[in-house]
Amino acid sequence: MIDQNYRWYPVYTRSRAEKKANEELNRKGIQTYLPLKKAVKQWSDRKKIVEEPLIKSYLFAYISAREYAEVLMTNGVARFIYFSNQVASIPDQQIHDLKLLLATDADLEIIDYDIKPGERVLIKAGPFKGVIAELVSVHNKQRIILRLQNMGYSININTSIAFVEPL
């Protein structure tokens with residue numbers, strides 16, 4: 001029996017094909033949601049504010065199980081996301097909450113790993129790029145304090161959690 005209920009399903013797209021896949025699905029009459037954030041891009045001669053996907057290579061499709069094949073046959077779509085050997089679905093409330101969050105002007109960063117105080121991390125960007133440090137504390141997921149231990153000193157620095165990854 002095919003599930004006739006409509007749900008939000010996360011769809012994985014080809015790299016940098018989120019907007020194209022979104023347009024193609026809409027053209028087919030499939031309701032989608034592509035969360036976008038504003039970002040400043042700088043070229044050698046100018047700066048420009050562009051909209052880019054909040055979650056790279058993801059969009060959400062509001063479909064029933066009957067439309068799985070139609071979504072998969074769409075240009076730019078790679079696959080559905082699976083959880084416990086079933087196509088994952090997202091509760092309506094989470095999509096609604098995401099829309100509300102993006103309606104604010106909050107500066108959002110998507111982090112796909114969980115780092116806890118005391119863990120060793122590698123700094124990926126900024127003036128301390130390449131340095132290994134210990135996470136001391138996390139402040140509202142936007143700012144963290146790292147402890148650098150070099151030459152017998154502890155130096156605390158403030159940086160964004162987006163600039164570090166766990167070791």
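**View 1. Confidence and overall make-up of the predicted model.** In this predicted model, the mean pLDDT of the protein is 83, and 83% of its residues reach 70 or more. Confidence is lowest in strand 11 (residues 143–150), where the mean is 58, and highest in helix 1 (residues 18–27), where the mean is 98. Where pLDDT is low, the predicted coordinates should not be read in detail. The protein contains 3 helices and 13 strands, and of its 167 residues 31% count as buried. Among the contacts with a separation of 6 or more, 56% are made by residues 24 or more positions apart.

**View 2. The aromatic pair of tyrosine 9 and phenylalanine 80.** The protein has 7 aromatic pairs. One of them joins tyrosine 9 and phenylalanine 80 in an edge-to-face arrangement, with 6.3 Å from centre to centre and 75° between the planes. This pair links distant parts of the chain, since tyrosine 9 belongs to strand 1 (residues 7–13) and phenylalanine 80 to strand 6 (residues 77–80), 71 residues apart. Tyrosine 9 has a relative accessible area of 3% and therefore counts as buried, the cut-off being under 20%. Phenylalanine 80, with a relative accessible area of 2%, is buried as well.

View 3. Tyrosine 12 is partly exposed, at a relative accessible area of 28%, and tyrosine 58 is partly exposed at 26%. The charged end of arginine 79 sits over the ring of tyrosine 12, 4.6 Å from the centre of that ring.

**View 4. Further aromatic side chains.** Tyr6, Trp8 and Tyr62 together form one aromatic cluster. Elsewhere, lysine 99 lies over the face of tyrosine 33, at 5.0 Å from the ring centre.

**View 5. Leucine 122 and the residues it touches.** Leucine 122 is part of strand 9 (residues 120–123), and with a relative accessibility of 24% leucine 122 counts as partly exposed. The C-alpha atoms of leucine 122 and isoleucine 132 are separated by 4.6 Å, although these residues are 10 residues apart along the chain. If residues up to four places away in sequence are not counted, leucine 122 touches Gly130, Val131, Ile132, Phe163, Val164, Glu165 and Leu167.

Note on methods
Residues numbered from 1 in each chain as written. Predicted model: local features only at pLDDT ≥ 70, side-chain atom pairs only at ≥ 80, totals over all residues. Heavy atoms only, no water. pLDDT = per-residue confidence, 0-100. Helix = DSSP H or I, 4+ residues; strand = E, 2+ residues; numbered from the N terminus. Buried < 20%, exposed > 50% of the residue type's maximum accessible area, 1.4 Å probe, protein only. Contact = heavy atoms within 4.5 Å. Phe/Tyr/Trp six-rings, centres within 6.5 Å; stacked < 30°, edge-to-face > 60°. Lys NZ or Arg CZ within 6 Å of the ring centre and 35° of its normal.
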